[in-house]
Amino acid sequence: MIQTETLELLEWSRLCQHLSTFAATKLGAVASQHLTIPSSQQSSQELLAQTKEVYELESRLNGGLSFEGIQDIGDSLERAQLQGVLAGDELLAIATTLFGARNLRRAIDNHEDLIVLINLVSELRTYPEVEQEIHRCIDERGQVADRASQKLGEIRANLRKTRSQITQKLHNIIQVKSNALQENIITQRGDRFVIPVKATHKDAIPGIVHDTSTSGVTLYIEPNSVVPMGNQLRQLARQEEIEEEAIRRHLTQQVASILPDLERLLVIVTTLDLATAKARYSYWLKANPPRFINPKASEKITLRQLRHPLLEWQHQHEQGHAVVPVDLLIEPETRVVTITGPNTGGKTVTLKTLALAALMAKIGMFVPAREPVEIPWFELILADIGDEQSLQQSLSTFSGHIRRISRILNALDENHAEKKALNEELEIREDEINHVSTSSLILLDEVGAGTDPAEGSALAIALLRYLADHALLTMASTHFGELKALKYEDQRFENASVEFDEATLSPTYRLLWGIPGRSNALAIARRLGLKPEVVEAAEQEMGGENDEVNSVIAGLEAQRRRQETKAAEAQKLLIQAEALYKQVSEKATSLEEREKALKASQEVAVQQAINQAKGEIAQVIRRLQKGTPTAQDAQQATNNLNQIAEKFISPQTQQKPKAGFMPKVGDRIRISKLGQTAEVITAPDQDGELNVRFGIMKMTVKLEDIESLDGKKVEPVAKPQSRSVNVSSTKEAPPQDAPNIRTSKNTFDIRGKRVADAEIILDKAISEASGPIWIIHGHGTGKLREGVHAYLKQHPRVQRLEPAAQTDGGSGVTIAYV
């Protein structure tokens, strides 16, 4: 009873009515208006998961989730269960509902990550064969179609034939007896075809009179010549009705045979529509999904910028005032929050806002607050808000409040007793379940009001201390100053107040934490024009101590406002700094991209120049290779190479040489002018000249024309002499220090072999090898690799072993140097 009263006090039905406007079907709208509050946190989590996934699905689908075709077929299913015969439009509604449910399942199945929704529709059976049969037998108007059965088609063909014969016969009579007719038309009375005959000429057309006009001058007669055909038409019509009913009965029996699946389909579709309504309402409300915190884990209740959903609706749809959000940040040890301040300051709205937020989270809705939304799962949400005065029951305001508070305390005791019995049945120790009685949210408005202030204050203090022991959280609004001191006696109590602007004599509706509020009655009275001497006398009656307390509170409020102003300024500076950082980052990124693009274009140009130079050098080499080269040919080749070097390497682009390098035989050096690497084959002589080889060519270069591979230059010689180059085109074998190259001939794959077999293969390979060999043994268990390594280490021709590079197989390939 008290829970129902609480829902009425919170205007829960209005919120449900608003939610129903977002439903897509009648089923969803009805379910939205009659929401059931879950009795377990697991049920709330499941509902919240459905809402989250539908919210995500709505954002992915163009136009959102479609419920087109789905209708409320509950009454039709009940009649089918009672062996009634469904009408054509009812059968058609069942077919379109099956089609709509199939489309819903298809839309959800396309998103494999929506686990909850996929599990929900996995039990959905849509019976396409039943849908097709209904559409075959029932047309879009809900009428039985001619194609439903051969017999029905024949009956309707006979009906059309008989009607044609009757109309043809009547047309013939009209042509012959036109002077006896009031009008030359054919009409119907009931299911009989008649013609309007003048009453004075009734004997001219013998037949059956089925009706007369109001004036009596016209008789509607069925001529005797068409009466037999009219009787036949009636019989055919009756046969048609019987056949139509038989077809609809057959379809109804098919529906009844799958009744459990159709009822389950309605439940699933309604659940989906309800979740969709919650998601769409949450999107409209700019709400965020809540996270249920564990009271035993010392987690703080976090509800920033919390808004009252009904006031938000009133603001958006009914031209109401803008909603002022409140911040509720409640520490885990806090059990009671007392809110003080002037009337109309927003204390009651704050209580209702928190209660509605808790209820919305319980039924799986998002909460209109800024992320993160963290709130406990309250098992009971009970409230005493408003005036319970009743003349019929002879209850005063105080008596009404006490009656309702008594029902709240009784509900807490009953809930605790039920949970204690359940836990005793589960054999859970009392010290493990000491939290079971603290899972309730209690909201009290003007606690202790309506009676003597001293007694009311004492009663309020005792009540709040009791609730601190038996409820998870209690929020109470009050004007009693004694309640403000509870915070300093018990750490489970906290003060809050609603802000009041004394300059404008109006509330700001902002909630201030940690500061007790003032009623501001005397300030309001003075500004509203009450005689100053009366206000001064009232201040004297209150005494100086109260003035000091009010001064302290006023000072705290002023200090808080200064801190909030500074915080707002700091936040503004932070936003500006973030914007500036973003601009700088974007510019830096742009510069990096430009630098990369420029570097890439330069690399392309350099590569093109190198390729062209290599091409021209190759031409020089080919000319030398033709025939027997002479000294004149060598000199010409040297001149050509110098021209190529001057063409592609400009002095301005060369880097500053690094001194301190002296080449030795076998070193790899770079010829600066040619941009080619070569091998030193003779040491520098006294003239600072040395012989080098690149490819098949040998040439003599000066020390100042070469550099190490890392860019170091040779110390310049004292006596510069002219450079001479000797080129030999004789073909020689590759240098001994040439890089080792892996080929198919020096690579041996022994994966899958036994160690003994592998040794035979490797012994043959080593005997034929003239350089390193690559052995592919893989990873596996490592036995083959260990056996191979042991064999190679004791082999006299194997100098050393090493694993191949990562790009060449890594530790799965061993290189043996023979």
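This is a predicted model: local features need pLDDT of at least 70, side-chain atom pairs count only at pLDDT 80 or more; totals for chains, interfaces and linings use all residues.
Biologist: How many helices and strands does the protein have?
Modeller: Helices (H or I, at least four residues) and strands (E, at least two) are taken as DSSP runs and numbered from the N terminus. On that basis the protein has 21 helices and 23 strands.

Biologist: What percentage of the residues in the protein is buried?
Modeller: A residue is buried under 20% relative accessible area, exposed over 50%, and partly exposed in between, with a 1.4 Å probe and protein chains only. Of the 818 residues in the protein, the buried share is 41%.

Biologist: Which residues is Ser-32 in contact with, leaving aside its neighbours within four places in sequence?
Modeller: Ser-32 belongs to helix α3, residues 26-33, and it is buried, its relative accessible area being 0%. With contact meaning heavy atoms within 4.5 Å, and with neighbours within four places in sequence left aside, the partners of Ser-32 are Cys-16, Leu-19, Ser-20, Ala-23, Leu-274 and Ala-277.

Biologist: Which residue meets Arg-79 in a salt bridge?
Modeller: A salt bridge needs a side-chain nitrogen of Lys or Arg within 4 Å of a carboxyl oxygen of Asp or Glu, and for this pair the N to O distance is 1.8 Å. Arg-79 lies in helix α5 and its partner in helix α6 (residues 88-109), so the pair ties together parts that are eleven residues apart in sequence.

Biologist: How far apart in sequence are the parts tied together by Arg-189 and Asp-211?
Modeller: The closest N and O atoms of Arg-189 and Asp-211 are 2.9 Å apart, and the two residues form a salt bridge. Arg-189 lies in strand β1 (residues 187-189) and Asp-211 in strand β3 (residues 207-212), so the parts that they tie together are separated in sequence by 22 residues.

Biologist: Is Arg-751 buried or exposed?
Modeller: The side chain of Arg-751 meets that of Asp-749 in a salt bridge, at 2.8 Å from N to O. Asp-749 has 40% relative accessibility and counts as partly exposed, whereas Arg-751, at 52%, counts as exposed.

Biologist: Which residue is joined to Glu-371 by a cis peptide bond?
Modeller: Most residues other than glycine have a negative phi, and most peptide bonds are trans. Here omega is about -5 degrees, and the bond is cis.

Biologist: What is the phi of Glu-11, a residue other than glycine?
Modeller: Glu-11 sits in the loop between α1 (2-9) and α2 (12-20), where it is partly exposed with a relative accessible area of 29%. Its phi is positive, near 60 degrees.

Biologist: Where is Gln-305 found?
Modeller: Although it is not a glycine, Gln-305 has a positive phi of about 55 degrees. Gln-305 is partly exposed, with a relative accessible area of 32%, and its place is in strand β6 (residues 301-306).

Definitions and conventions
Residues are numbered from 1 along each chain as its sequence is written. Side-chain values use heavy atoms; hydrogens and water are left out.
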